[in-house]
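Subject: Structure for your review, with notes on its salt bridges

Dear colleague,

Please find below the structure that I am handing over to you. My notes on it come after the sequence and coordinates.

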Amino acid sequence: MNTQLAGTGALLRLALRRDRVMAPVWILVVAMLVLSLPGSLESVYGTAAERERLLATMTANGSLRALYGPVFGDSIGALTAWRGGVFAGLLAGVMSLVIVVRHTREEEESGRQELLSAAMVGRRAPLTAALLAALTANAAAALLVTAGLAGRGAAGALALGLGIGATGMLFAALAAIAAQLTESARLAKGLTGAFIGAAFVLRAAGDAGAPDGGSALTWISPLGWLEHVRAFAAERWWVLALFAAASAAQLVAAYALAARRDVGMSFLPARPGPARGRLGSAGALAWRLQRGALLGWSLGFLAVGVVFGGMTDGATELVGDNARTREIIERMGGQAGQAGQGVLADAFLATMAGMLAMVAALYIVSAVLRLSAEESGQRAEPLLANAVGRLRWAGGHLAVAFGGSALILLLAGLGLGIGHGEDIGGAVAATLGQLPAVWVIGALAALLHGAVPRFAVAAWAVAGAALALGWVGPALNLPQAVLDLSPFAHLPKLPGGQDPSWAPFVALTALAAALLAAALTALRRRDLAA
C-alpha cells in the first residue's frame, strides 16, 4: 500500500461518523428538492397544451430563464430537471464544500490533524478521506434522485442523478484547492462559495440572453453544464465528461499543493500585524472577524432582490390562468382566495420575501456559530482569560449576527422594490416583516451553542427544515399543522391588502429574546469546550 495514503480508511470512517447527522440531512434536502417536483408539476401542467404554453412563455421570458434556465422538453421529467436541476446542483456543491473543508482545513485549524499526522497517517490520507466522504454523500444523493425518478424514464433519471452528483464533486475538488490556499476554514468556505455564486451568475446571465442555453457564459459555468446534460430531453452523455475532466484537473492541483506545504500552513497567509483600526472591545473584534462575510451576504441579497423584483411581471404572465400555479403562489404569499394580477404580483413578492428570509436564516446560523468556531479553535480561551467576560464576548458576535440579518433583509427589500419598480417601502416592509422568524432560528442556534455546544451544528438542520417547509411545503399541499412547525408560517405575508396584526411579530420577537437569555445563561454556567 502507498504510504502516502496510509490511514485513509480509518480517517474516512471517522469522517463518516462525524457526519452521520449532517450528511444525511444534506442528502435528503438535495434529493427532496428534485423528488418533490414531479407530482406538483403534473398537477399544474397536466396537459400537453399547458406544457407547450409553458415552453413558449419561458422561451420569451429572459428573467425567468435567468433563474431556472431554458426548458428542453415538455415531459414531466424534463420539467423536473428544468425546475430543480440547477438548484439541486448548487446545493450539492455547498454540501461538498462543507464536507471537504470540515475534514481538511478545519482539522488543521483546530490542531487535531497535527496529532493524527504524528501516527501512521500518510501525507495524502486526510485530503483523500475528505474527498471520499464528499463522494459518498454525492453518490447517495445521485442514487436517491435516480431511483425516485426512474419511473419517469430510466435514462433521464440516471442523467439527472449523475449530473447533480458530478456537480457536487466538481465543487468538492474546488474546495480541496481552497483548503490548501487559505489559512482558515472560514476563508476556504468563503472562497469556494464565491466561485459557486459566480457559476450561478454566469449561467443566469448566459441563459437570460440565449433561449436555447447556447451562450458562451452558460458553457463557462459548471451549473450550465448540468442543464446541458438535458435529462429527459435527448440526453447529452458527453457533457458528463466535462465534469470528469475538470474535477480531475482540480484534484491534481489540490494534491500538488498539499504536497508542497506543511500542516497548518497555507499559500495565502494572513497579513502580519499589527491590525489597523480599533479593536478595543469584544464587539469590535467580532465585527472585524465577521465583516467580510456580512459584506458578501449583503451584496448578494441586494443583487438577488433586484433580480426577483424584475421577475414579478414575468412570473404573473407565466402563471396566466393556470389555477393550480396561482393557488400555490397565493398560498405561499398568503393571499389565497383573492383575484387579480395586482394581488398575484403582491403574492409573488411576498413569496420571494419569504424565501429570502429563509435563506437569511442560514446567514444568522453561520454568524452565531462563529462562537463555536472561536471556542473549539481555542481562540476564545486566551481572550476570556483577560478582562473580557463571556457575555461581552458572546454579545459582540450575537450583535453582528442579529444586526447583520436585519441589514441583509433591508437590502433584499430595497432590491425587490428597485427591481419591480413600484412601492419600495412595501417591499422593504415585506422582507423586514420576516425578521422575527429569522431571529428565532438564530436564538435557537445560540441556545444550542450555549447549552450543548457539541450539538450546535444541529442549528443547520433547524434552518434547513424551515427552508424545506417554506420551499416545497405549499407545493406538496402539506397540512397546515406541519407548515406551522416553521416560525415563518406564523407571520403575515406582506405586501398585502389588509393591515397585519402585530401579535405574531411581538410573540416571535419575545420568543427570540427568551431563547437568547437562556443561551447566555447556559454559556455563562458551563465550561469552555475543549
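The notes below begin with the chain as a whole and then turn to its salt bridges.

Please bear in mind throughout that this is a predicted model.

Overall picture

The protein chain contains 26 helices and 0 strands. It has 530 residues, of which 51% count as buried. Among contacts with a separation of 6 or more, 74% are between residues 24 or more positions apart.

Salt bridges

Side chains of opposite charge can pair when their charged atoms come close. In this structure, 10 salt bridges are present.

In one of them, glutamate 107 forms a salt bridge with arginine 18, with 2.9 Å between the closest N and O atoms. Arginine 18, by contrast, is partly exposed, its relative accessible area being 27%.

In the other pair, glutamate 106 and lysine 189 meet through their side chains in a salt bridge, at 2.8 Å from N to O. This pair also links distant parts of the chain, since glutamate 106 sits in helix H7 and lysine 189 in helix H11 (residues 185–209), 83 residues apart. Glutamate 106 counts as partly exposed at 22% relative accessibility, and lysine 189 likewise counts as partly exposed at 30%.

A further salt bridge lies within a single helix. The side chains of arginine 370 and glutamate 374 meet at 3.0 Å, N to O. Both residues are in helix H19 (residues 370–376), where a spacing of 4 residues corresponds to about one turn of the helix. Arginine 370 counts as buried, with 11% relative accessibility, and glutamate 374 is buried as well, with a relative accessible area of 6%.

Finally, which residues are linked in a network of salt bridges? The network joins Arg105, Glu108 and Arg261.

Yours sincerely

Note on methods. Residues numbered from 1 in each chain as written. Predicted model: local features only at pLDDT ≥ 70, side-chain atom pairs only at ≥ 80, totals over all residues. Heavy atoms only, no water. Salt bridge = Lys/Arg side-chain N within 4 Å of Asp/Glu carboxyl O. Buried < 20%, exposed > 50% of the residue type's maximum accessible area, 1.4 Å probe, protein only. Helix = DSSP H or I, 4+ residues; strand = E, 2+ residues; numbered from the N terminus. Contact = heavy atoms within 4.5 Å.
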